[in-house]
Amino acid sequence: MTTDILTDADRSFLFVLGSSRPEGNSETLARAAAEQLPADVPQRWVDLAKDPLPDFQDGRHEDGTWPVSEQEEELRRLTLEATDIVIVSPLYWYTVSANTKRYLDYWSGWLGVPGLDFKKRMAGRTLWGVTAMSEEDEVRADGLITALNHSAAYLGMRFGGVLLGNGSRPGQVRGDERAITRAKTFFAGEAPLARFPSEEETGER
């Protein structure tokens, strides 16, 4: 497993937008954080609503192969090229949006692609989250945070946490001064290796 800390010169970010609404509060907050990245750090932005993936069908234990669309192949390539993957999703029913969940479901399929070594190649990369929520009680985002942390832990990734903001109407998150302040340093910290709760208790990993 790769655990070395990358320098800015080695990093590249993939922002995966999972909202069903263009230029929503989660995207606004993510772009505020992205503005703080060094100019020479590549950024790629993918909007899952503009060109949605078809529903994922798990064929890992079936005969034959699942046809791969150009969109899936491109998204898989971008995912594997990035050192840092940022899930940008509003809080829908206390977890990620349907578009976001579908993207993560595809990770399950990529795990079984012969010769791809998806899990091995994802190890050591960093997963981040950015979400806007209509509630001010941030504990209500625990389900989303847990889903991302555990996904990162399973793949041996680092987890940089989730940048939370408050907003429902378009642009409302700009008025959340605490969130905008957090955004300025969100990507500056060193992200630890993600752990399941049982590993944190035993110190394993």
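Are Trp128 and Phe186 buried or exposed? Trp128 is buried in this model, which is a predicted one, and Phe186 is buried as well. For Phe186 I can give the value behind that word: its relative accessibility is 12%, and because buried means under 20%, the residue falls in that class.

The structure holds 14 aromatic pairs, and one of them joins Trp128 to Phe186 in an edge-to-face arrangement, with 5.2 Å from centre to centre and 65° between the planes. Trp128 belongs to strand 4, residues 126–133, while Phe186 sits in the loop between helix 6 (177–183) and helix 7 (197–202), so this contact ties together parts that lie 58 residues apart in sequence.

Phe186 has a further partner in Phe187, and that pair is tilted, its centres 5.1 Å apart and its planes at 55°. Phe187 also counts as buried, because its relative accessibility is 5%.

Trp45, in turn, brings a charged residue into the picture, as Arg31 lies over the face of the Trp45 ring, at 3.9 Å from the ring centre.

Finally, there is another case of a charge over a ring, and here the residues are Lys119 and Tyr154: the charged end of Lys119 sits over the ring of Tyr154, at 4.0 Å from the centre of that ring.

How values were computed
Residues are numbered from 1 along each chain as its sequence is written. This is a predicted model: local features need pLDDT of at least 70, side-chain atom pairs count only at pLDDT 80 or more; totals for chains, interfaces and linings use all residues. Side-chain values use heavy atoms; hydrogens and water are left out. Rings of Phe, Tyr and Trp (its six-membered ring) pair if their centres lie within 6.5 Å; planes under 30 degrees apart count as stacked, over 60 as edge-to-face and the rest as tilted. Helices (H or I, at least four residues) and strands (E, at least two) are DSSP runs, numbered from the N terminus. Buried means under 20% relative accessible area, exposed over 50%, partly exposed in between (1.4 Å probe, protein chains only). A charge sits over a ring if NZ of Lys or CZ of Arg is within 6 Å of the ring centre and within 35 degrees of the ring normal.
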